[in-house]
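Hi everyone, thanks for making the time. I'd like to walk you through one model this morning, starting with the overall layout and then turning to helix packing and charged pairs.

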Amino acid sequence: AASDVYKRQLYGIARNVIRNSQRADRRRLRLRAKAQGVRATSEPDPETIVVRRSEDDEVLHALDALRPMDREVLRLSIWEELTNAEIAGVLNLDPHAVTMRLTRARKRMARQLGIDELPTGNRIDPQPIGQGGEQ
């Protein structure tokens with residue numbers, strides 16, 4: 001019985017490693033496609049860089065002020081681009097619970113940032129390279 005538990009744990013770990021690798025591959029392919037579509041532009045001006053870094057710092061500080069579970073569900077949803085069902089599998093939660101936690105985490109993050117609500121969707125849409133997105 002114990003060996004069955006260990007086998008299931010190993011299969012779960014292997015599945016997560018494969019998923020992480022597949023997500024990394026998808027991100028790499030999207031980045032390559034974006035890079036091919038970007039025409040050469042001049043470097044962003046210093047003011048753009050300063051403003052962008054300030055905004056990044058503000059978001060990071062707001063994220064750090066959240067509860068650990070709020071940070072985790074937001075990172076898995078936005079950065080890792082996992083679906084709610086995938087997040088439920090990673091965190092060993094019910095998918096409905098993930099939906100509720102993600103909704104609450106988005107509201108708390110919006111409050112930390114002083115805005116009405118975070119943009120919806122599970123994708124980060126950074127500025128194109130050369131338009132203040134590359135630092």
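So, what does the secondary structure come to? The chain has five helices and zero strands. Reading from the N terminus, the order of elements is α-α-α-α-α. Please keep in mind that this is a predicted model.

The chain has 135 residues, and 19% of them are buried. It exposes about 10000 Å², and carbon and sulfur atoms supply 54% of that area. As for contacts, take those with a separation of 6 or more: 64% of them are between residues 24 or more positions apart.

Now to the packing. Two packed helices are described by the angle between their axes and the distance between the axes. Let's begin with helix H3, residues 68-79, and helix H5, residues 95-113. Their axes come within 9 Å and cross at roughly 100°. An angle from 65 to 115 degrees counts as roughly perpendicular, so that is how H3 sits relative to H5.

Which residues make this contact? On the H3 side they are Met69, Asp70, Val73, Leu74, Ser77 and Ile78, and on the H5 side Arg101, Leu102, Ala105, Arg106, Arg108 and Met109. Sorted by class, the contact of H3 with H5 has seven nonpolar residues, one polar and four charged.

Arginine 108 and aspartate 70 form a salt bridge, with the closest N and O atoms 3.0 Å apart. Because arginine 108 belongs to helix H5 and aspartate 70 to helix H3, this pair ties together parts that are 38 residues apart in sequence. Are the two partners buried or exposed? Aspartate 70 has a relative accessible area of 4%, so it is buried, while arginine 108, at 22%, is partly exposed.

H5 has another partner to show you. H4 and H5 pack with their axes 8 Å apart, at an angle of about 105°, and are therefore roughly perpendicular to each other. Here Asn84, Ile87 and Ala88 in H4 meet Pro95, Val98, Thr99 and Leu102 in H5. This contact of H4 with H5 divides into five nonpolar and two polar residues, with no charged ones. Leu102, by the way, is listed in the contact with H3 and also in the one with H4.

Back to charges. Side chains of opposite charge can pair when their charged atoms come close. How many salt bridges does the chain have? The count comes to six.

One of them joins the side chains of glutamate 80 and arginine 23, at 3.2 Å from N to O. Glutamate 80 is in the loop between H3 and helix H4 (84-91), and arginine 23 is in helix H1 (residues 2-37), so the pair ties together parts 57 residues apart in sequence. Arginine 23 counts as buried because its relative accessibility is 8%.

Glutamate 80 also meets arginine 27 in a salt bridge, at 3.3 Å from N to O. Arginine 27 is in helix H1 too, so this second pair links the loop between H3 and H4 to a part 53 residues away in sequence. With 27% relative accessibility, arginine 27 counts as partly exposed.

Put together, Arg23, Arg27 and Glu80 are linked in a network of salt bridges.

Key. Residues numbered from 1 in each chain as written. Predicted model: local features only at pLDDT ≥ 70, side-chain atom pairs only at ≥ 80, totals over all residues. Heavy atoms only, no water. Axes fitted to C-alpha atoms, helices over the stretch in contact; angles between N-to-C directions. Helix = DSSP H or I, 4+ residues; strand = E, 2+ residues; numbered from the N terminus. Parallel < 35°, antiparallel > 145°, perpendicular 65-115°, else oblique. Contact = heavy atoms within 4.5 Å. Nonpolar A, V, L, I, M, F, W, Y, C, P; charged D, E, K, R; others polar. Buried < 20%, exposed > 50% of the residue type's maximum accessible area, 1.4 Å probe, protein only. Areas by Shrake-Rupley, 256 points an atom, 1.4 Å probe, with all protein chains shown as cover. Salt bridge = Lys/Arg side-chain N within 4 Å of Asp/Glu carboxyl O.
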